[in-house]
Amino acid sequence: MHPNVKRLETFLDAYAENDVPGIRNCLADDAVWHVGGTHRLSGDYRGAASILEYFERVGEETGRTLHLERLELLANDERGAAFLRVTGERGGHHLDVTMAEAFQFDDSGRIKEFWAHATDQDAIDRFWS
Amino acid sequence: MGEKAERLAEAMALVSQGDAQGFGDLLLADNVTWHWPGRSSVSGEYHGRAEVLELLSGFHRLTDNRLQVVPLDLLEGEEHLMSFTQVTAESEDGKLDVIMADAMRFDDSGRVVEFWTLSNDQEAVDTFIG
């Protein structure tokens, strides 16, 4: 297993446990998180602090119900891919989509850039509406 | 290079020779779905090989050979593959310079059943395509 696959696992474990220091440790200081779609949270989050705030907001609004099931994780020295089934609940809305997520790592294996797209982006936009 | 990457490379070679049908026959499952994000004229979901080939033909017309595509990385797993490329182009609206991550899920016969076209600057891509 490539060390950056292990790092993706570490990040997803920390996210699942809402382990904020653990998540922070996986992010480069100047990381950029591109959140696609046309919903309230769509946009670019720049810097680890801004990304952590975004995660906190997602956690609060979903009552920590967001679950990321790993379908396959791939990585080499510079880049990674995560294929995830994402489920969650928010205000009576149920989400169940598959995500393809792209990562770039810095030299120390921290995530420096993230972007993604879903099998059903409209479902995600509705979920956050 | 694994079987999926080899098939992708063969299919891309056919495209470069202008054989879009050959690309579809070799790489795409009959029930393929192509997810194109953003708000451009080609954004949306395309179901089945015929719709996907129409999408690619339309995209080719829109971009009119203005794209320079440099392969960066290819990650291949059991069921999935992600191909990273740097895509640049000059246009009236400025310079396009993005990293694309083409994500694919393969079926048991080695053909793509799901395709996501991911960009790290979707707004720039939307502006370029129009």
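A: Val113(B) is a place to begin, and it lies in strand 6 of chain B. The model is a predicted one.

The contacts of Val113(B) come next. Leaving aside neighbours within four places in sequence, Val113(B) is in contact with Ala29(B), Asn31(B) and Val32(B), and also with Arg105(B), Phe106(B) and Asp107(B). Glu123(B) stands ten residues from Val113(B) along the chain, and 26 Å separate the C-alpha atoms of the two.

In chain B, six strands make an open sheet whose order is 2-1-6-5-4-3, and the pairing is mixed. At the edges are strand 2 (44-47) and strand 3 (68-76) of chain B; each has a single partner strand, so one side of each has no neighbour in the sheet. Neighbouring strands of this sheet are turned against each other by 15 degrees on average, if direction is ignored.

One pairing can be followed in detail. Strand 1 (residues 28-36) of chain B joins strand 2 of chain B in the antiparallel sense, over four bridges. Trp36(B) has Gly44(B), in strand 2 of chain B, as its bridge partner. Helix 3 (residues 49-63) of chain B packs on the sheet, where it touches strand 1 and strand 2 of chain B, and its direction makes about 45 degrees with that of strand 1 of chain B. Helix 4 (residues 122-129) of chain B also packs on the sheet, touching strand 4 (80-91), strand 5 and strand 6 (112-119) of chain B. The direction of helix 4 makes about 105 degrees with that of strand 5 of chain B.

Six strands of chain A form an open sheet in the order 2-1-6-5-4-3, with mixed pairing. Its edge strands are strand 2 (43-46) and strand 3 of chain A, each of which pairs on one side only. From one strand to the next, the twist averages 20 degrees. Strand 1 (residues 27-35) of chain A pairs with strand 2 of chain A over four bridges, in the antiparallel sense. Val32(A) stands opposite Arg46(A), which is in strand 2 of chain A.

Two helices of chain A lie against that sheet. Helix 1 (residues 3-16) of chain A touches strand 3, strand 4, strand 5 and strand 6 of chain A, and its direction makes about 165 degrees with that of strand 3 of chain A. Helix 3 (residues 48-61) of chain A touches strand 1, strand 2 and strand 4 of chain A, at about 50 degrees to the direction of strand 1 of chain A. Helix 3 of chain A has 14 residues and spans 20 Å from its first C-alpha to its last, close to the 20 Å expected at 1.5 Å a residue.

Arg64(A) is not a glycine, yet it has a positive phi of about 60 degrees. Arg64(A) sits in the loop between helix 3 and strand 3 of chain A.

The two chains meet as well. The contact takes 18 residues from chain A and 18 residues from chain B. On the chain A side, strand 3 (67-75), strand 4 (79-90), strand 5 (93-105) and strand 6 (111-118) each supply at least two residues. Strand 6 of chain A gives the most to that side, with four residues. The residues of the chain A side divide into eight nonpolar, six polar and four charged.

The largest nonpolar core has 58 residues, and among those that touch the most other members are Ala81(A), Ala102(A), Met82(B) and Ala103(B). Strand 5 (residues 94-106) of chain B gives the most to this core, with eight residues. Not counting residues up to four places away in sequence, Ala103(B) touches Ala81(A) and Ala100(A) as well as His80(B), Met82(B), Trp116(B) and Leu118(B).

Terms used:
Residues numbered from 1 in each chain as written. Chains lettered and ligands numbered in written order. Predicted model: local features only at pLDDT ≥ 70, side-chain atom pairs only at ≥ 80, totals over all residues. Contact = placed C-beta atoms within 7 Å. Nonpolar A, V, L, I, M, F, W, Y, C, P; charged D, E, K, R; others polar. Pairing = 2+ DSSP bridges. Axes fitted to C-alpha atoms, helices over the stretch in contact; angles between N-to-C directions. Core = buried A, V, L, I, M, F, W, Y, C linked by C-beta atoms within 7 Å. Buried ≥ 20, exposed ≤ 12 C-beta atoms within 10 Å, placed from the backbone. Expected span 1.5 Å × (residues − 1).
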